[in-house]
Amino acid sequence: DVVLVLGANGKVGQAAIQLATMAGARVFGVERTAQPHAGHATAPVEMIDASTTDIAAHVRDRTGGHGADIVYNTVGSPYFEAACKAMAVKGRQIFIATIERAVPFDIFAFYRGRHRFVGIDTLALDSGECAAILDELKPGFESGALRPFPVLESCSYRLEDAAAAYRAVLGGSPERVVLVP
């Protein structure tokens with residue numbers, strides 16, 4: 001599959017890229033500006049600068065017109081239209097977040113492309129469902145195909161400092177924020 005990850009250097013985007021490259025996909029990552037891929041991957045990741053590049057045209061050009069089989073949209077509305085245009089026939093777009101609720105939607109392109117949209121609400125998962133997912137990912141971590149994200153000491157907070165950790169997350173910390181015992 002060809003996988004397009006929007007918000008590639010974000011925490012979820014980096015995880016999606018690890019999973020996609022582990023599965024053998026050809027991966028394109030998108031960021032607002034020119035950036036190298038910041039995470040771990042077991043295959044090359046071709047980064048796209050959204051500020052200077054037509055995302056859909058680039059993906060279609062680099063895939064011989066095919067497009068992306070899977071679009072993992074971690075940003076939502078800002079990239080929705082470009083993502084739709086980049087989708088292959090029978091492509092799927094997965095959403096986990098958005099900024100704006102309303103997006104431009106071309107229903108003709110949707111049904112002619114036989115596209116599917118999938119919404120994922122990880123906040124709705126209970127601890128048992130999360131544990132089952134982690135159990136399924138365990139072999140990837142054991143083999144080294146998947147790697148945990150590094151956690152800087154400055155972003156590790158003791159439980160009694162949870163309020164400060166929460167403020168760091170709300171402030172948009174680009175690093176992983178972790179509570180430690």
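Is glutamine 93 buried or exposed?

## Glutamine 93

In this predicted model, glutamine 93 is buried, and its relative accessible area is 0%. The residue belongs to strand E5, which covers residues 87–95.

Beyond its neighbours within four places in sequence, glutamine 93 contacts Val71, Asn73, Phe80, Ala83, Cys84, Met87, Arg116, Phe117 and Val118.

## Aromatic pairs

The model has 8 aromatic pairs. One of them joins phenylalanine 80 and phenylalanine 117 in a tilted arrangement, with centres 5.7 Å apart and 45 degrees between the planes. This pair links distant parts of the chain: phenylalanine 80 is in helix H3 (residues 80–86), phenylalanine 117 is in strand E6 (residues 116–119), and 37 residues separate them. Phenylalanine 80 is buried at 6% relative accessible area. Phenylalanine 117 is partly exposed at 29%.

Phenylalanine 117 also pairs with phenylalanine 105. Here the geometry is edge-to-face, at 5.8 Å centre to centre and 65 degrees between the planes. Phenylalanine 105 sits in the loop between E5 and H4, and phenylalanine 117 in strand E6, so the pair ties together parts 12 residues apart in sequence.

Phe80, Phe105 and Phe117 are among the members of one aromatic cluster, which also includes Phe95 and Phe110.

## Surface patch

Phenylalanine 105 is partly exposed, with 41% relative accessibility. Together with Ile107, Phe108 and Tyr111, Phe105 forms a nonpolar surface patch of about 430 Å² accessible area. Isoleucine 107 lies in helix H4, residues 107–112. Isoleucine 107 is exposed, at 54% relative accessible area.

## Charge over a ring

The charged end of arginine 176 sits over the phenylalanine 149 ring, 4.0 Å from the ring centre.

Definitions and conventions: Residues are numbered from 1 along each chain as its sequence is written. This is a predicted model: local features need pLDDT of at least 70, side-chain atom pairs count only at pLDDT 80 or more; totals for chains, interfaces and linings use all residues. Side-chain values use heavy atoms; hydrogens and water are left out. Patches are made of residues with over 30% relative accessible area and no salt bridge: like charges are joined within 9 Å, nonpolar side chains (Val, Leu, Ile, Met, Phe, Trp, Tyr) within 5 Å. Accessible areas come from the Shrake-Rupley method with a 1.4 Å probe; for residues, only the protein chains shown count as cover. A salt bridge is a side-chain nitrogen of Lys or Arg within 4 Å of a carboxyl oxygen of Asp or Glu. Helices (H or I, at least four residues) and strands (E, at least two) are DSSP runs, numbered from the N terminus. Buried means under 20% relative accessible area, exposed over 50%, partly exposed in between (1.4 Å probe, protein chains only). Contact means heavy atoms within 4.5 Å. Rings of Phe, Tyr and Trp (its six-membered ring) pair if their centres lie within 6.5 Å; planes under 30 degrees apart count as stacked, over 60 as edge-to-face and the rest as tilted. A charge sits over a ring if NZ of Lys or CZ of Arg is within 6 Å of the ring centre and within 35 degrees of the ring normal.
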